[in-house]
Amino acid sequence: MIALAKSFLLTLFFLLSCSHVNNHNTFSGNIFGTFYQIKYENNNSSIDNLKIEALINRIFDKIDNSMSLYKKDSEINKINNLDIIKNYQISDDLYYVLSKALNYCKSTGNAFNPTIDSVIELWGFGVNLGNKNVPDSLSIVEFLEHARCNKIRLNKENQSLTKLDKDINLNLNAIAKGYTVDLIHEMFKKNKIDNYMINIGGEIRTSGVNFNNKKWKIDIAYPDTLNNYNQSILSLGLSNHSIATSGNYNNYFIENEKMYSHIFKPDTGYPISNNVISATIISKNCIDADALATASMVLGTSALNLVNYNDSIGVCLIMYDYNSNTPRIHFNEYFEEFIILD
């Protein structure tokens, strides 16, 4: 299954089950190494809930078979295991997601990098779950040579991939869940279902209203290394928008009294050290929110300027203030529009 690449901070109470009350449906469980919860109102008499759940599971299987690093025969693992290749045909889904990932690699100045998997493995945060420790600097430099987005080329005409380095490994964990959410959104729209909330491991897309005929309420949890998510630091009201949060405080190790998180600065090969605890992105599509949340962890306060190239991106950073020993919240104007004031 696709690994949970990011620490999710968005909190929702859920049951791992299915329920159907007055056309208000909750379908939930585990997928991609994390949870999912899908709430929807089905007023379309031409499609029953069992069919909808079957369509959702079909989407899960399709993405798992294409982009999972845990399935040896997945499409992405086949590519990672190949030597240098030219014009290798890939599926529609993988082509689209990889195109998005490479575009974000360029537009964020390498802050989002889908080729950094070898560095993640080196530090012990990858699929193989090796011992987490600080590698020697020479190894980091060596592995960084195989973490370059320009070593992967896509050909739109024949939907193919060219791999210029046999040791380069693709990792789409930081964008695949968001894409899966968007696919389920498209399925709902196709079946004329308008009110829903799709949540896969904290990657969320909303449409219409909730079961109380209000905007969907999403809470951003108070960052806490003790994994106490009961306290909310912000509440948001969303309708027809997506949201994703990336955090670094519950997947890390400590060595020589220094914390090393699972989110890396791709140009150095070392974990980020910019005091950012979490980054939350609001956008129309979940694939964009997913990728930009990870990039914002790396970019730090400069992520607030994302609005400069897309005025429909809301950015919220929670940064730790060592002087006051408290988290500080920073957000742009677009994000502020979604905050619910008590």
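Biologist: What share of the contacts with a separation of 6 or more comes from residues 24 or more positions apart?
Modeller: In this chain, 64% of them do. Contact means heavy atoms within 4.5 Å.

Biologist: What sort of model is it, and what gets counted?
Modeller: It is a predicted model, where local features need pLDDT of at least 70 and side-chain atom pairs count only at pLDDT 80 or more, while totals for chains, interfaces and linings use all residues. Residues are numbered from 1 along each chain as its sequence is written, and side-chain values use heavy atoms, with hydrogens and water left out.

Biologist: How many helices and strands are in the chain?
Modeller: The chain has eight helices and 19 strands. They are DSSP runs numbered from the N terminus, H or I of at least four residues for helices and E of at least two for strands.

Biologist: And how much of the chain is buried?
Modeller: Of its 342 residues, 56% count as buried. Buried is under 20% relative accessible area, exposed is over 50%, and partly exposed is in between, with a 1.4 Å probe and protein chains only.

Biologist: Helices next. How do α6 and α7 cross?
Modeller: The axes of α6 (residues 173-190) and α7 (residues 286-299) come within 7 Å and cross at roughly 160°. That makes the pair roughly antiparallel. The label applies to angles over 145 degrees; under 35 is roughly parallel, 65 to 115 roughly perpendicular, and the rest oblique. Axes are lines fitted to C-alpha atoms over the stretch in contact, and angles run from 0 to 180 degrees between N-to-C directions.

Biologist: Which residues of α6 and α7 meet?
Modeller: On the α6 side they include Ala174, Tyr179 and Val181, and on the α7 side Cys286, Ile287 and Thr294 are among them. The residues of this contact divide into eight nonpolar, two polar and three charged. Ala, Val, Leu, Ile, Met, Phe, Trp, Tyr, Cys and Pro are nonpolar, Asp, Glu, Lys and Arg charged, and the others, Gly among them, polar.

Biologist: What about α1 and α3?
Modeller: Helix α1 (residues 49-67) and helix α3 (residues 92-107) have axes that come within 10 Å and cross at roughly 70°. They are therefore roughly perpendicular to each other. Lys62, Ile63, Ser66 and Met67 of α1 make the contact with Asp93, Leu94 and Val97 of α3.

Biologist: Back to α7. What does alanine 295 touch?
Modeller: Leaving aside neighbours within four places in sequence, alanine 295 contacts Thr108, Ala111 and Phe112. Alanine 295 lies in α7 and is buried, at 2% relative accessibility. Its C-alpha is 8.8 Å from that of cysteine 105, 190 residues apart along the chain.
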